[in-house]
Protein chains: 2
Amino acid sequence: AILAALPLDKPTADAKGESGPLAGKHILVTAGPTHEPIDPVRVIANRSSGKQGFAIARAAAAAGARVTLIAGPVSLPTPPGVGRIDVETAVQMRDAVMGALPADAAIMVAAVADWRVEVADSKLKKGKGPPALEWHANPDILAELGEHPDRPGLLVGFAAETNDVVTNAKGKLERKKADWIVANDVSGNVMGGDNNRIHLVSADGVDDWEDLPKSAVAQRLIEKIAESIA
Amino acid sequence: AILAALPLDKPTADAKGESGPLAGKHILVTAGPTHEPIDPVRVIANRSSGKQGFAIARAAAAAGARVTLIAGPVSLPTPPGVGRIDVETAVQMRDAVMGALPADAAIMVAAVADWRVEVADSKLKKGKGPPALEWHANPDILAELGEHPDRPGLLVGFAAETNDVVTNAKGKLERKKADWIVANDVSGNVMGGDNNRIHLVSADGVDDWEDLPKSAVAQRLIEKIAESIA
C-alpha cells in the first residue's frame, strides 16, 4: 500500500529550492527493495537496504532540487526536504513513478523484483508440498520511462551485478533507452553495506570510480547530474 | 551466518539468575523470520517482525531465567540479560537451537520458512525467464525438538494462522509432540503489529486470550511457564 505522500507541488521550507546547482529542478529517485507477496505472510524480497537511493535523494535536495523519493520497504528516515512515497511492490512503484512525472531527471536506484507471483489468499500449508508459484513479469520501470512521452531529460538506471558488470550495464543502457547506467559491482556482497564500487556507463564510455562510501557516490553522481542538466 | 554469540555458561550480571520464578532455569527462544536465499541478491522472506519472540526473551530474563535467544534477520535490540545468536536461514536456526540444548523450556516463536530453494551462485538474469526454483523442505525445528533425546521439559510452539486457527493448532500440537501451541490469529494482518490475538492450545484444552500487546502476551506466557516448570 502507498503509506504516505507529502505534498509535492512546491519545495518545502527545508529544501534549498531557490539556490544550489539543482534549484528549480524536479528529481525523481527510487530506492530500496520491492516485496512481492506469495501469501499473507510470505514475500519474495531482496537484500537492497535503500541506503544508496536515500543518500542520492538527500544529496539532490541539498543541491537545491525538488526531490520525490519513491521507497520500497525499508526502515530509513526521510532525508531533509525530500518528498517521500512508500510502496511495497514493483507495480505500486511503477504507478508512483509515473504519477510523479514530469521530472528533469530520474534516478532509478531501487532493486525492483523482475518477477511477481500470483498471491494466495490464505497462508500456504506445508503439508501441501512446495508452493506452486505462478510467475508474472513485473513492469520494467526504467524501460517504461525510456519510452514515455514525458521521458525525463536525464534518465539514470542502476544495475547491481555479480558478473560481467560493465558488459551487462552496456546492454541495459541500450535496451532501456537510458542515458546513464550506474553499474554496482556486488560480487563482494556489498549490498546492505556502506560502500559501493561504481562503473558509470553512458554513450560516452565507462567511468570507473574507486570504492566509495554511499554518501560520496551520491555526492559525485548529483554533481554530474547538475553539470548535465543545468 | 551466525553473527554473534554471547557466552552462555553463566547468567550475566544483568540477568536475575539468582532470584525470580525462573531462577536457575535455561529458556530457549527463537524469534523473527528466516531468509532463504534464491541468489546473491534475492531471498524468500516473511513478514515476522521478531517483536513477540524478543518480548518473550525479555520477560523470561526478567523472571530470572538464563535465556538463549536465536534470532532471524531483524533489527531489534537485544533485551537486557539475554544471550543472543543471530542466524539467517532455517538450517542455521535448527543448528543453533540444537547446539543450545539442554533447556528447561523451549519457546519456538520464529516464523521459520517451510521451504528453501537451491541457491544460484550468480544473480539470475531477467531475460532467462522466471526462476526455476528447486524446492527442498526445511528442517522442522519444533518436531525435531519433540523427538530429541534432550527434549526440553516444556516445549512450546507458535502457529501464525489465517484460517481454522484452533483446529490447525491442535493438529500441530499432536504432529510436533509439543506441550503447548500458542496459536496467533493473523487473519487481521497483525504480523509486524504490536498486538496479538492468542489461543493457547494444550492437552488440557484451549485458552482464548483477549487481544493483547505483545509485551502482555509475553508476560502472561512466561508466568504460565514458570507455574509449569517451577
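**The strands at the interface**

Mentor: Let's start with one residue pair: B:Pro37 has B:Val43, in β3(B), as its bridge partner. Before going on, note that this is a predicted model, where local features need pLDDT of at least 70 and side-chain atom pairs count only at pLDDT 80 or more, while totals for chains, interfaces and linings use all residues. Residues are numbered from 1 along each chain as its sequence is written, chains are lettered from A and ligands numbered from 1 in the order in which they are written, and side-chain values use heavy atoms, with hydrogens and water left out.

Back to the strands, which like the helices are DSSP runs numbered from the N terminus (E, at least two residues, for a strand; H or I, at least four, for a helix). β2(B) and β3(B) pair in the antiparallel sense over two bridges, and pairing requires that DSSP finds at least two bridges between the strands. Put together, you get an open, antiparallel sheet of four strands in the order β2(A)-β3(A)-β3(B)-β2(B). Its edge strands are β2 (36–37) of chain A and β2 (36–37) of chain B, each pairing on one side only.

Now the symmetry. Rotating by 180° with 0.0 Å of shift along the axis superposes chain A on chain B, at RMSD 0.0 Å; that is the relation of a two-fold axis. Of chain A's residues, A:Ile44 comes closest to the rotation axis, its C-alpha at 2.3 Å. Both copies use the same surface, since 100% of the contact residues of chain A recur in chain B.

How much surface is involved? Chain A and chain B bury about 2,900 Å² between them, 54% of it on carbon and sulfur atoms. A:Arg47, A:Trp115 and A:Lys126 supply 22% of the area that chain A buries against chain B, more than any other three residues. Buried area here is the accessible area (1.4 Å probe) lost when the two parts are put together, summed over both. The contact (heavy atoms within 4.5 Å) takes 31 residues from chain A and 32 residues from chain B.

On to the polar side. There are 16 residue pairs in polar contact across the interface, both residues at pLDDT 80 or more. The rule wants N or O atoms within 3.5 Å, one able to donate a hydrogen and the other to accept it within protein, and residues adjacent in sequence count only if both atoms are side-chain atoms. β3 (42–46) and β9 (154–161) of chain A each supply at least two residues of the side touching chain B, and β3(A) gives the most, with five residues.

Finally, the salt bridges (a side-chain nitrogen of Lys or Arg within 4 Å of a carboxyl oxygen of Asp or Glu). Seven run between chain A and chain B. One salt bridge is A:Lys125 with B:Glu161, whose closest N and O atoms are 2.9 Å apart. Over all chains, the count is 27 salt bridges. A:Lys125 sits in the loop between β7 (115–117) and β8 (135–137) of chain A and B:Glu161 in β9 (residues 154–161) of chain B, so this pair joins two chains.

Conventions:
Copies are superposed by least squares on the C-alpha atoms of residues with pLDDT of at least 70 in both.
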